[in-house]
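This report looks at how two parts of one chain meet. Please have the sequence and the model open while reading.

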Amino acid sequence: MSAVAVVTGAASGIGRAAAVSLARDGHRVALVDLDVAGLAETRARIEGFGGKAQEFELDLCDPLAVGSVTREIAVTFGAPEVLVNVAGIGVAATVLETSDEDWGRVLAVNLTGPFLTTRATLPLMLDRGRGVIVNIASVGGLVGLSRRAAYCASKAGLIGLTRAIAVDHARDGIRCVAICPGTVETEWVGKILAGAPDPEAARAAMAARQLDGRMGTPDEIAAMVSFVAGPEGRFINGAALVVDGGMTAV
Ligand SMILES: NC(=O)c1ccc[n+]([C@@H]2O[C@H](COP(=O)([O-])OP(=O)(O)OC[C@H]3O[C@@H](n4cnc5c(N)ncnc54)[C@H](O)[C@@H]3O)[C@@H](O)[C@H]2O)c1
């Protein structure tokens with residue numbers, strides 16, 4: 001039977017593209033998100049080419065629910081061999097502008113969320129002696145981005161968590177890898193642009209951040225997820241792989 005992959009944030013953007021790509025690779029994909037309508041759309045896309053997927057509603061800020069949904073996935077769908085932590089949020093603010101609530105929310109989804117899903121899933125991977133965990137971090141975990149204090153801190157933390165998991169569990173047959181995208185045209189970026197005083201100027205500025213002069217596509221990040229999770233990625237462990245159109249080369 002095909003291996004099970006769990007993808008958080010699967011209702012939108014990079015998570016949806018990663019879920020579709022892993023399904024095309026032959027995985028049965030557990031689609032996790034709090035956006036139920038978006039999950040149904042992702043499942044429909046996967047089933048459209050004969051792939052297998054099932055939705056699991058989950059708010060990653062609820063630690064008890066992370067445990068129970070992980071058990072539900074294992075029992076009803078199968079023990080995961082691949083976990084892709086994609087769900088994330090951002091707040092546009094310097095340290096001085098960041099409220100306690102926003103700091104807590106960004107850290108809860110972007111850093112504590114992957115910690116909780118990993119802690120719940122690792123025992124299932126250890127039982128089988130194999131597993132791959134892919135964390136979608138950001139270039140914001142490697143360099144400072146303007147007015148993204150909590151976001152950058154959360155993504156730098158996620159890269160640190162990735163390395164720690166790799167160090168602790170490499171000899172158990174587990175790999176853990178971070179991917180650091182540059183600006184990728186998703187629903188998230190669409191909302192940022194829609195809220196800008198001059199959306200076209202904001203789009204041009206976001207595109208210009210990449211050396212390539214354009215934003216990335218969700219599929220370009222999903223291709224890296226598939227590579228890392230697949231057999232050709234077997235020598236990649238504990239790395240923070242940059243997929244950013246050259247954004248951090250300067
Ligand atoms: N788009 C970019 O430019 C970009 C660049 C670098 C990194 N990233 C990272 O990629 C990931 C996905 O970004 P995207 O652009 O596809 O965003 P998106 O907003 O399109 O998708 C994020 C998904 O996460 C889900 N989510 C948010 N909070 C959740 C929670 N508490 N529980 C469960 N699900 C939750 C949302 O419902 C949504 O479906 C994020 O971690 C983001 O930081 C994005």
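## Basis of the description

Contact here means heavy atoms within 4.5 Å. The model is a predicted one, in which local features need pLDDT of at least 70 and side-chain atom pairs count only at pLDDT 80 or more, while totals for chains, interfaces and linings use all residues. Residues are numbered from 1 along each chain as its sequence is written, and side-chain values use heavy atoms, with hydrogens and water left out.

## The two domains

The domain assignment, whose bounds come from an automatic or database source, divides the chain into domain 1 (4-181 + 219-239) and domain 2 (183-215). Their C-alpha centres lie 24 Å apart.

## The interface

Where the domains meet, 12 residues of domain 1 are in contact with 7 residues of domain 2. The area buried between them (accessible area, 1.4 Å probe, lost on putting the two parts together and summed over both) is about 640 Å², and carbon and sulfur atoms give 58% of this area.

The rule finds 1 salt bridge across the interface, a salt bridge being a side-chain nitrogen of Lys or Arg within 4 Å of a carboxyl oxygen of Asp or Glu. The side chains of arginine 214 and glutamate 220 also form a salt bridge, with an N to O distance of 2.8 Å.

## The domain 1 side

Among the helices (DSSP runs of H or I, at least four residues), α1 (13-24) and α8 (218-229) each give two or more residues to the side of domain 1 that touches domain 2, and α1 gives the most, with 3 residues.
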